[in-house]
Amino acid sequence: DLSGKGGMVWTKNRDDTQTHFIHDTERGATKLISPNDTNGEETQSSSLTSFNSNGFTVNNLYVNNNGDDYVSWTFRKQPKFFDIQTYTGDGTSDFSKKVSHNLGQRPGMVFVKNTSATSNWLVWYALMDSSAYNLNLNNTNQSQSSNENNGRAYVESSGDYRLQVSATGTGVDANKSGDTYVAYFFANNNNDGGFGEPGDQDIIKCGSYTGNNSTTGPVINLGFE
């Protein structure tokens with residue numbers, strides 16, 4: 001139920017080199033951003049045109065080329081699973097700009113994107129628990145502080161677990177004054193998910209693993225089917 005509950009839809013054409021597209025209910029149908037590039041938000045009627053009680057509707061061109069094969073991933077807003085927030089940057093560089101969410105627990109991962117200007121996507125994840133480090137969703141850079149000289153994102157380690165953003169450098173990636181942003185919050189269940197028929201199941205994990213350069217690589221146990 002995207003029309004009543006809200007959420008995000010991520011689509012990709014599997015028969016063409018066309019970019020990925022993300023639509024969400026906070027910004028509204030026809031407004032798209034691409035997780036693999038740095039462009040700001042685009043309004044395009046030939047894309048996802050409505051969020052419905054049982055899914056979504058697409059139009060031609062961007063996400064409905066005749067005969068092409070597509071994949072889509074849908075994340076519905078739900079405490080302990082997923083949330084979306086938008087905010088306007090204020091230009092501060094001391095992490096005093098804070099964005100609340102409705103997960104009801106500390107996020108395991110957050111994506112942040114400037115929707116009004118060209119910028120990197122910032123990715124914060126709990127295992128890199130430092131305000132100095134982010135990943136970028138749109139490039140192949142490793143996690144290091146030099147990647148975030150145009151803004152940083154971090155989540156509080158206690159209290160309300162709010163997203164904190166800073167306008168280091170130009171600030172455009174996270175907190176440039178007057179620019180608009182969207183943030184996607186992913187939960188990390190740890191035997192506290194509260195889902196499934198008995199109401200005690202996990203459904204989402206955000207974690208890491210260490211490679212061993214072997215054909216029999218590490219086994220990552222999510223704790224649920």
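**Entry 1: surface patch**

For patches I took residues with over 30% relative accessible area and no salt bridge, joining like charges within 9 Å and nonpolar side chains (Val, Leu, Ile, Met, Phe, Trp, Tyr) within 5 Å. A salt bridge here is a side-chain nitrogen of Lys or Arg within 4 Å of a carboxyl oxygen of Asp or Glu. Accessible areas come from the Shrake-Rupley method with a 1.4 Å probe, and for residues only the protein chains shown count as cover.

I note before going on that this is a predicted model, in which local features need pLDDT of at least 70 and side-chain atom pairs count only at pLDDT 80 or more, while totals for chains, interfaces and linings use all residues. Residues are numbered from 1 along each chain as its sequence is written, and side-chain values use heavy atoms, with hydrogens and water left out.

With those rules I looked up a nonpolar surface patch of about 320 Å², which is made by Tyr209, Ile220 and Leu222. Leu222 belongs to the segment after β15 (180–186), where strands (E, at least two residues) and helices (H or I, at least four) are DSSP runs numbered from the N terminus. I find Leu222 partly exposed, at a relative accessible area of 40%; the classes are buried under 20%, exposed over 50%, and partly exposed in between, with a 1.4 Å probe and protein chains only.

**Entry 2: salt bridges**

I then turned to charged pairs, for which the count comes to 7 salt bridges. One of them joins Asp69 to Arg14, with the closest N and O atoms 3.0 Å apart. Asp69 sits in the loop between β6 (55–58) and β7 (70–76) and Arg14 in the loop between β1 (7–13) and β2 (21–24), so this pair ties together parts that are 55 residues apart in sequence. I noted Asp69 as partly exposed at 34% relative accessibility, and Arg14 as exposed, with 52%.

Another salt bridge is between the side chains of Asp24 and Arg27, at 2.6 Å from N to O. Asp24 is buried, with a relative accessible area of 0%, and Arg27 is likewise buried, with 11%. I also saw that Asp24, Arg27 and Glu41 are linked in a network of salt bridges.

I placed Arg162 in the loop between β13 (152–155) and β14 (163–166), and its side chain meets that of Glu156 in a salt bridge of 3.0 Å, N to O. Glu156 is buried at 10% relative accessible area, whereas Arg162 counts as partly exposed at 24%. The C-alpha atoms of Arg162 and Val99 are separated by 5.5 Å, although these residues are 63 apart along the chain. Leaving aside neighbours within four places in sequence, I list the contacts of Arg162 (heavy atoms within 4.5 Å) as Lys98, Val99, Ser100, His101, Tyr154, Val155 and Glu156.

Gln164 lies in strand β14 and counts as buried, at 12% relative accessibility. Its side chain reaches the backbone oxygen of Phe95 at 3.3 Å. Not counting residues up to four places away in sequence, Gln164 touches several others, among them Phe95, Lys97, Lys98 and Arg152.

**Entry 3: Lys113**

Which side chain of opposite charge is nearest to Lys113, and how far away is it? I found Asp37, at 6.4 Å, so by the salt-bridge rule above Lys113, which is buried, has no such partner. For charge, Lys and Arg count as positive and Asp and Glu as negative, while His and the chain ends are not counted.

Lys113 is in strand β10 (residues 109–114), and its side chain reaches the backbone oxygen of Thr38 at 3.3 Å. Leaving aside neighbours within four places in sequence, the residues in contact with Lys113 include Ile33, Asp37, Thr38, Asn39 and Gly40, and also Trp121 and Tyr181.

**Entry 4: positive phi**

Last, I looked up backbone angles, keeping in mind that most residues other than glycine have a negative phi. Thr30, in the loop between β2 and β3 (31–32), has a phi near 75°, a positive value in a residue other than glycine. Asn191, in the segment after β15, also has a positive phi, near 60°. I recorded Thr30 as buried, at 19% relative accessibility, and Asn191 as exposed, at 70%.

Key: A polar contact is a pair of N or O atoms within 3.5 Å; within protein, one must be able to donate a hydrogen and the other to accept it, and residues adjacent in sequence count only if both atoms are side-chain atoms.
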